Amino acid sequence: MNKTFRYSFAAIAAVAVISLFVGSKPVYAQVVEAIVRLQQTTPGIKQTGHTNISGTSIAAEFKGGSVSVNNSTSNVAAINSVIASPFDYVSAVFGQATNTTVQNYGGYFYSAGPNGTGCVGWASSAVGNPNGGWFRSDAPGGNGVTGIATATTGDAYGGNFYTNSNAGVGVYGEATALTGDAYGGKFVNNSDTGSGVYGLSNSERGFGGYFVGGLAGVGGSGQLGVSGNSFVANGNGGLFVAFGAEGIGVFGRARGSTGLNYGVYGDTLSSAGWAGYFTGGNGVYASKLEVNSRTTTNDFTMKAGSAANTVLLGAAGGVASWGKVDSARLTSDPASLSKVTGGTFAMSGSDMQGADQSMIQLFTGSTEKIRLNPNTPTSGAFINVSGPNGNHNVRATFLASNPDHGFLAVHDSLGSQQAYMNVNANGDGVITADTKNFKVPDPTDPRFDILYACVEGPEAAMYTRGTGRLVNGQAVIDLPDHFLKLANMGTLTIQVTPLDECEGLFCRKGDSQFMVKELRKGTSNIEFDWEVKAVRKGHEDYKVVRPWDDALPDGDVKQQWNARLKSIANRAAKGQNSSGRP
């Protein structure tokens with residue numbers, strides 16, 4: 001490396017300097033007790049002495065065992081005399097480059113070794129705020145410090161800064177220009193897999209790098225603690241690593257209470273890039289995560305509140321909660337059906353299964369309208385349909401005395417059952433109501449219906465009827481086979497009505513027929529009508545008067561009794577008592 005350096009010195013102490021005298025005579029160094037002489041060979045013979053010089057010294061190379069500047073007040077004054085703004089502190093080394101037309105350096109540090117360091121800054125004081133290195137640039141496009149490592153092997157550093165002080169700073173960069181691209185520190189690495197800045201912390205709670213953006217009102221509102229750029233395919237704008245048990249690779253904090261301030265801000269201009277890329281046990285740690293646009297992820301885990309077969313349910317206000325979904329129930333949260341469906345529910349092409357003894361309730365406001373309850377495994381189920389006042393309108397259930405016998409009832413507005421169908425203890429189907437009707441449209445006037453009520457009596461009877469004819473004063477009527485199969489013939493009653501003049505009629509019963517004869521041994525040949533009634537076989541002990549709970553459906557007995565009393569009082573007030581009791 002052949003270079004010629006030209007140095008201009010204002011005051012330099014403790015360096016091997018040659019004092020030059022201008023003229024045709026040889027040049028000598030003047031000392032009181034010794035003479036420092038020029039020598040023609042390298043390295044020459046070591047000489048002892050001091051030199052004071054005013055002017056310019058030019059040489060191809062300077063070498064020495066150590067170089068230092070005395071930090072006395074007089075030397076500080078000498079240094080301050082050649083700079084624009086006086087310092088209020090002393091400097092062990094001061095470098096100044098005043099040429100503005102070429103690339104010049106206040107200090108140039110170079111190392112060619114694979115593990116070498118261009119410059120080492122060391123602050124050994126354990127008190128105060130010592131800096132291992134302090135670099136400053138006042139130029140709009142200048143750099144406080146530029147470190148370049150060109151070695152492609154070994155551990156080469158563009159800059160290596162170190163401090164032993166508890167409150168010290170390994171490197172401190174400051175850029176005071178408010179225009180242009182001014183950097184407190186600029187670190188460049190040309191390796192594809194290298195990093196412009198590499199921060200390492202050996203403390204469990206330390207930081208590999210700690211960067212703070214501009215304060216409010218200082219340097220603009222968009223100051224960044226860290227601005228990292230990488231222009232290579234696999235380069236990193238910034239690489240932050242923490243090896244501590246509780247270390248943090250990147251720590252971002254936003255202290256502003258107003259406006260848009262970010263602990264970490266990520267931005268990408270690539271359609272396939274990431275504004276932020278986080279990996280590890282917990283990809284991102286934050287007390288609150290808010291995403292204002294779509295989030296896409298291949299895996300998402302939330303530990304708090306999670307359990308098997310649970311899903312995350314969102315309320316209208318954006319608050320999420322956990323809900324359970326399995327064969328037992330839709331969810332353990334009573335409001336989950338509304339959260340999932342917005343208040344409605346529909347299914348198609350699939351079965352819905354519920355857990356043992358779980359129920360389904362549907363409400364209008366706070367009024368229960370429908371309830372489906374399977375009850376316990378030893379009892380039957382029931383379905384309740386309620387009116388606007390909350391009282392039961394329809395109840396499909398079972399006999400309280402026999403869970404395997406069904407019961408279907410309709411109730412009045414007070415909740416008292418007024419008509420029901422049930423299967424009694426004998427297995428008979430029973431219909432009970434105030435009236436039993438048939439209804440057909442009026443065949444001549446479609447605006448109306450025709451309703452007939454059933455003929456009722458204090459027994460479970462059946463009848464058959466017809467028209468017969470006397471021949472010489474007598475006739476035999478054979479009862480139909482279907483009647484004979486069901487009727488108890490021991491309870492048979494017969495009515496006959498002659499349709500023409502005669503002496504009168506009487507009857508004689510048989511096992512499957514009866515005989516009709518004219519009185520006074522008459523011999524009339526006339527027609528007559530007949531009707532036969534009998535109690536149905538198996539219903540001979542029909543009870544007309546029974547206890548109110550003789551056929552009671554499953555449910556709250558006290559509630560049913562109170563509803564019954566209210567209904568009876570209501571009927572009495574209307575004069576419509578139709579109990580039928582003797």
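## A guided tour of the model

Start by selecting Lys-521, which is found in the loop between β26 and β27 (helices are DSSP runs of H or I with at least four residues, strands are runs of E with at least two, and both are numbered from the N terminus). You are looking at a predicted model, in which local features need pLDDT of at least 70, side-chain atom pairs count only at pLDDT 80 or more, and totals for chains, interfaces and linings use all residues. Residues are numbered from 1 along each chain as its sequence is written, and side-chain values use heavy atoms, with hydrogens and water left out.

**Stop 1: the loop**

Lys-521 has a phi near 55 degrees, a positive value in a residue other than glycine. Lys-521 counts as exposed because its relative accessibility is 79% (buried means under 20% relative accessible area, exposed over 50%, and partly exposed in between, with a 1.4 Å probe and protein chains only).

**Stop 2: strand β27 and its partners**

Next, select residues 527–535, which make up β27, together with β22 (residues 461–469): these strands run antiparallel and are joined by 9 bridges (two strands pair if DSSP finds at least two bridges between them). Look for Tyr-463, whose bridge partner in β27 is Lys-533. Then bring in β24 (residues 493–498), an antiparallel strand with 6 bridges to β27. Here Pro-498 stands opposite Phe-528.

**Stop 3: charged pairs**

Stay with Lys-533 and show Glu-531: the two form a salt bridge whose closest N and O atoms are 2.3 Å apart (a side-chain nitrogen of Lys or Arg within 4 Å of a carboxyl oxygen of Asp or Glu). Lys-533 is partly exposed, at 33% relative accessibility, and so is Glu-531, at 23%. The structure holds 9 salt bridges.

For another one, select Asp-445 and Arg-447, whose side chains meet at 2.9 Å, N to O. Is each residue here buried or exposed? Asp-445 is buried at 18% relative accessibility, whereas Arg-447 is exposed at 67%.

**Stop 4: strand β15**

Jump to Asn-384 in strand β15. Asn-384 is buried, with a relative accessible area of 4%. Its side chain makes a polar contact of 3.2 Å with that of His-392 (N or O atoms within 3.5 Å, one able to donate a hydrogen and the other to accept it; residues adjacent in sequence count only if both atoms are side-chain atoms).

Move to Ile-383, also in β15. This residue is partly exposed, with a relative accessible area of 39%. Ile-383 belongs to a nonpolar surface patch of about 760 Å², whose members include Ile-360, Leu-408 and Met-421. At least two residues of the patch come from each of β13 (360–364), β15 (382–386) and β17 (402–411). Such patches are made of residues with over 30% relative accessible area and no salt bridge, joining like charges within 9 Å and nonpolar side chains (Val, Leu, Ile, Met, Phe, Trp, Tyr) within 5 Å. The areas come from the Shrake-Rupley method with a 1.4 Å probe; for residues, only the protein chains shown count as cover.

**Last stop: Gly-237**

Finish at Gly-237, in the loop between β9 (198–199) and β10 (239–240). Its C-alpha is 7.8 Å from that of Ser-227, which is 10 residues away in sequence. Gly-237 is partly exposed at 31% relative accessibility.
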